[in-house]
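Visitor: Can you walk me through this one? I'd like to start with the salt bridges and then look at some other features.

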Amino acid sequence: MHVVVMGCGRVGSAIARRLEAVGHSVAVIDQDPEAFRRLGPEFAGRQITGLGFDRQTLLDAGIDTAGAFAAVSSGDNSNIISARVARETFGVEHVVARIYDSKRAEVYERMGIPSVATVPWTVSRLLRELLSVKVSEIWREPTGKVLLMRVTVTDTWVGRPLTELEAASGSRVAWLVRFGEAQLPAATTVLQTGDHLVVATTDEFAGRVHECVEQGPTGGKH
């Protein structure tokens, strides 16, 4: 997949190098050509000097063939404008924006653009969002038997009761994040587009969680 990264600071350069290391083609955009030094001499991707929301700059970076776009510059406004252009003008499927103001991030979540607040997020979590990894382990207790997994609700589960997902996967939902806000689920909670779950499970059922989320409910939609 081709990925365009806007912003070549510490986060942007780390994402770009990591993506290239796992086999993706990468183009990095930054206003300051000196910033590309952070990529190192072994980086083989494109380095484009310009504004991340400028149409020609994006085209030079290959946005028209990109499967993912990350806006991770130091400016909230630049990031969200660039993310919206990538999504709305060029139809990029996986778009994520780094937002310093967590309150504003909630607004952009409602617009369908995952917005990563700076403090609680890491490069690894940004990569999961970009590459659309639906299930990933985020914590394991000392004995190694019980673990927490982050689950992105897939389209086939939208409109289904959360309890149905629990029963099918053999897991228990500890909390969910909806519109950028964490909340405890209720027995009547119905899954929505954009929901992220944190589920508790064991090694015995971890594979079942992956299979359940990716394949969807066995009974089809209601």
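Predicted model: local features only at pLDDT ≥ 70, side-chain atom pairs only at ≥ 80, totals over all residues.

Visitor: How many salt bridges does the structure hold?

Guide: There are four salt bridges in the structure.

Visitor: Which residue does Arg178 form a salt bridge with?

Guide: Its partner is Asp195, and the closest N and O atoms are 2.6 Å apart. Arg178 belongs to strand β9 (residues 172-178), while Asp195 sits in the loop between β10 (181-183) and β11 (196-202), so the pair ties together parts that are 17 residues apart in sequence.

Visitor: Are those two buried or exposed?

Guide: Arg178 and Asp195 are both buried.

Visitor: And what does Glu88 pair with?

Guide: Glu88 forms a salt bridge with Arg84, with 3.0 Å between the closest N and O atoms. Both belong to helix α3 (residues 76-89), and because they are four residues apart there, about one helical turn separates them.

Visitor: Why would that spacing let residues point the same way?

Guide: An α-helix has 3.6 residues a turn, so residues three or four places apart point the same way.

Visitor: How accessible are Glu88 and Arg84?

Guide: Glu88 is exposed, at 52% relative accessible area. Arg84 has 36% and counts as partly exposed.

Visitor: What about Glu34 and its salt bridge?

Guide: Glu34 bonds to Arg37 in a salt bridge, where the closest N and O atoms are 2.9 Å apart. Glu34 is partly exposed at 44% relative accessibility, and Arg37 is exposed at 67%.

Visitor: Changing topic. How many cavities of 30 Å³ or more does a search of the whole structure find?

Guide: The search finds one. The largest cavity holds about 30 Å³ of space.

Visitor: Which residues line it?

Guide: The lining of the largest cavity consists of Val151, Leu165, Ser169, Ser171, Val173, Val199, Val209 and Val213. Helices α6 (162-169) and α7 (203-215) are the elements that give two or more residues to that lining.

Visitor: How do the lining residues divide into nonpolar, polar and charged?

Guide: Six are nonpolar, two are polar and none is charged.

Visitor: Last topic, helix α1. How far does it reach?

Guide: Helix α1 covers residues 10-21, which is 12 residues, and reaches 17 Å from its first C-alpha to its last. That is close to the expected 16 Å.

Visitor: Which of its residues are buried?

Guide: In α1 the buried residues are Val11, Gly12, Ser13, Ala14, Ile15, Ala16 and Leu19.

Visitor: And what follows α1?

Guide: Gly23 follows α1, with a positive phi near 105°.

Methods: Residues numbered from 1 in each chain as written. Heavy atoms only, no water. Expected span 1.5 Å × (residues − 1). Buried < 20%, exposed > 50% of the residue type's maximum accessible area, 1.4 Å probe, protein only. 1 Å grid on protein atoms, 1.4 Å probe; cavity = no way out; pocket = protein on both sides within 12 Å on 5 of 7 lines; lining within 4 Å. Points joined across faces, edges and corners; volume = space filled by probe spheres on them. Nonpolar A, V, L, I, M, F, W, Y, C, P; charged D, E, K, R; others polar. Salt bridge = Lys/Arg side-chain N within 4 Å of Asp/Glu carboxyl O.
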